[in-house]
Amino acid sequence: MSEPSQHAAEDSGPGRRSVLKAGGVSAAAVMMPLAPGGAAHAAPGPSAAPRAAADIALRVNGETHRVAVEARVTLLDALRERLRLTGTKKGCDRGECGACTVLVDGRRVKSCLTLAVMQEDREITTVEGVARGERLHPVQEAFVARDAFQCGFCTPGQIMSAVACVEEGHTGSRDEIREWMSGNLCRCGCYPNIVDAVRDAAREVRR
Amino acid sequence: MKLFDYARAGRPEEAVRMVAARTTGTFVAGGTDLLNLMKDGAQTHDLVVDVSRLPLTGIEESGGRLRIGAMATMADVALHPVVRRRLPVMSQALLQSASPQIRNMASIGGNLLQRTRCGYFRSPGFACNKREPGSGCAALEGRNRGHAVLGGSDHCIAVHPSDLAVALRALDATVHTLGPDGPRSIGIAGFHRAPGTTPHRENALRHGELVTAVEVPLPAPGVRSRYLKVRDRASFEFALVSAAAVVRMDGRTVREVALAFGGVAPLPWRSAEAEAALRGRALTDTTIGEAGEALVGRARPRGENAFKVELVRRALRDVLDRLGRQR
């Protein structure tokens, strides 16, 4: 039993934040409700006073979600832990592996390297949002047909990156695909099949 | 990441005022470096002011110069038609940087301010004069394969990681800023600083000063430019060494030349010595060799990075060979 934590909790009323601080566990913060009074304010727009938390609107896969988040919460953590959209994966949390790739206003980005509060009112697309009902996106179909994965952990990020890669038109050759898919790592080493899938999907989309 | 206050600035002046008012305030544009630095504890801030939505994204040509808003993304600039056509060295440097996702996020201003990839700097617990002035430098006698052979000091041998900055150094760009005392312009030559005894001071910016634009003189017709990056992987990797060359040839004779190098120094490294060895002379194996000698004349390799001395000479030879053959 940790006495300092107990004292901190007593000293500051509800005390969730204080306990959290004493523990120093920032990853857990996204799971915690905001301290009373700290959240229910307008979103920070121009000239808004600086604050450590905000109530923001996140537009994900065509739906608007209101969510109260601390400023330090990444878009990735907001998607996974607050909106329960766990298709987007956390690999390195440093922008190196690409497992967290999503589209923001149609462009692929790494959701671990941006804050949720920075993406307010942007149009965010995750892997949950690329299929049309029961019908898979051509990139998803190509990944299945080409067996472009083994463990599957990097696959949502690969698919989101591939959707953008095809859209951008960077699919002229195997080398070009490899270069423009280089932000997504696959520890199982399925790269040849991933390149095949991206080529197939590009042909399918162009048809 | 530790708790911090966040605000989104509506105007550049407002962003500057907010950051200037707090000792550990900072700007965020793309966030691609800042978030990692805060996650790793290499930097802590009690205020982060979001400048990503400021209207500083334009790319405009006027009077023989290209003015690039500081919030333009690396992808936007790399693929801009004027950049591709007139400034290949810059387009190539950007397209060989990072990954497509990061290039969609990272800003041009932030690119110049990104911090070294030195593992000791990014790992609190190790001595690092850049992160904690006076604590020492673990890289001097440590794992320093990636570190500087030129321009370092006994206080720091970390290299500057930006490819863009190397291209801009060869192109003689100008950085425009807005600070608490108003706007000013800083030549790229004076923007980044050698470490000396104060490696924590990496550039000419003052606290609260915001980069608003980067301006590049467009080369005259006939000027050729090229960027060569040598790295451990074919893509998505920082440079071991890189070379940016801007030349104007008259037949085989070099009329004008600007040479800058990355991966070898704590700042984008312009070599007046190498340029002097080529200017007014024919581009031959001999003169290129002499330029390479001049480039590394004052090199000071450490335990693991002596290979860079040879590698950067070969990079120079390669980039000049290709430019010389180009029509």
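This is a predicted model: local features need pLDDT of at least 70, side-chain atom pairs count only at pLDDT 80 or more; totals for chains, interfaces and linings use all residues.
In chain A, five strands make up an open sheet of mixed pairing, ordered 2-1-5-3-4. Strand 2 (63-70) and strand 4 (107-110) of chain A form the edges of this sheet, each pairing on one side only. On average, neighbouring strands are turned by 40° against each other, direction ignored. Strand 3 (residues 101-104) of chain A and strand 5 (residues 123-125) of chain A run antiparallel and are joined by two bridges. A:Val104 has A:Ile124 in strand 5 of chain A as its bridge partner.

Two helices of chain A were found packed on this sheet. Helix 3 (residues 75-82) of chain A touches strand 1 (53-60) and strand 2 of chain A, and its direction makes about 110° with that of strand 2 of chain A. Helix 5 (residues 155-168) of chain A touches strand 3 and strand 4 of chain A, and its direction makes about 40° with that of strand 3 of chain A.

Strand 1 and strand 2 of chain A also run antiparallel, with eight bridges joining them. Among the paired residues, A:Arg59 has A:Thr64 in strand 2 of chain A as its bridge partner. These two strands of chain A form a hairpin with two residues between the strands, in which A:Asn61 takes a positive phi near 50°.

Helix 7 of chain A takes part in two helix-helix contacts, described in turn. Two packed helices are described by the angle between their axes and the distance between the axes. Helix 4 (residues 138-145) of chain A packs against helix 7 (residues 191-206) of chain A at an angle of about 140°, and their axes are 8 Å apart. Helix 4 and helix 7 of chain A are therefore oblique to each other, and their crossing is right-handed. On the side of helix 4 of chain A, the contact involves A:Pro138, A:Val139, A:Ala142, A:Phe143 and A:Ala145; these meet A:Ala197, A:Asp200, A:Ala201, A:Glu204 and A:Val205 in helix 7 of chain A. By class, eight residues of this contact are nonpolar and two are charged, with no polar residue.

For helix 5 and helix 7 of chain A, the axes come within 10 Å and cross at roughly 45°. Helix 5 and helix 7 of chain A are therefore oblique to each other. Their crossing is right-handed. A:Gln158, A:Ala162, A:Cys165 and A:Val166 of helix 5 of chain A meet A:Ile194, A:Val198, A:Ala201, A:Ala202 and A:Val205 of helix 7 of chain A. The residues of this contact comprise eight nonpolar, one polar and no charged.

In chain B, an open sheet of five strands has the order 4-5-8-6-7, with antiparallel pairing. Its edge strands are strand 4 (59-62) and strand 7 (182-187) of chain B, each of which pairs on one side only. Neighbouring strands are turned against each other by 20° on average, direction ignored. Four bridges connect strand 4 of chain B with strand 5 (residues 65-69) of chain B, and the two run antiparallel. Within this pair, B:Ser62 stands opposite B:Arg65 in strand 5 of chain B. Helix 1 of chain B packs on the sheet and touches strand 6 (174-179) and strand 8 (210-217) of chain B; the direction of helix 1 makes about 125° with that of strand 8 of chain B.

The domain assignment of chain B gives domain 1 (5-50) and domain 2 (223-325). The centres of these two domains of chain B, taken over C-alpha atoms, are separated by 36 Å.

Between the chains, 28 residues of chain B are in contact with 33 residues of chain A. On the side of chain B that touches chain A, at least two residues each are supplied by strand 1 (5-8), helix 1 (12-20), helix 2 (34-39), strand 3 (47-50) and helix 6 (100-105) of chain B. Helix 6 of chain B gives the largest share, five residues. By class, this side of chain B has 13 nonpolar, nine polar and six charged residues.

How values were computed: Residues are numbered from 1 along each chain as its sequence is written. Chains are lettered from A and ligands numbered from 1 in the order in which they are written. Two residues are in contact if their C-beta atoms, placed from the backbone, lie within 7 Å. Ala, Val, Leu, Ile, Met, Phe, Trp, Tyr, Cys and Pro count as nonpolar, Asp, Glu, Lys and Arg as charged, and the others, Gly among them, as polar. Axes are lines fitted to C-alpha atoms, for helices over the stretch in contact, and angles run from 0 to 180 degrees between N-to-C directions. Angles under 35 degrees count as roughly parallel, over 145 as roughly antiparallel, 65 to 115 as roughly perpendicular and the rest as oblique. A crossing is left-handed if the near helix is turned anticlockwise from the far one by less than a right angle, and right-handed if clockwise. Domain bounds come from an automatic or database domain assignment. Two strands pair if DSSP finds at least two bridges between them.
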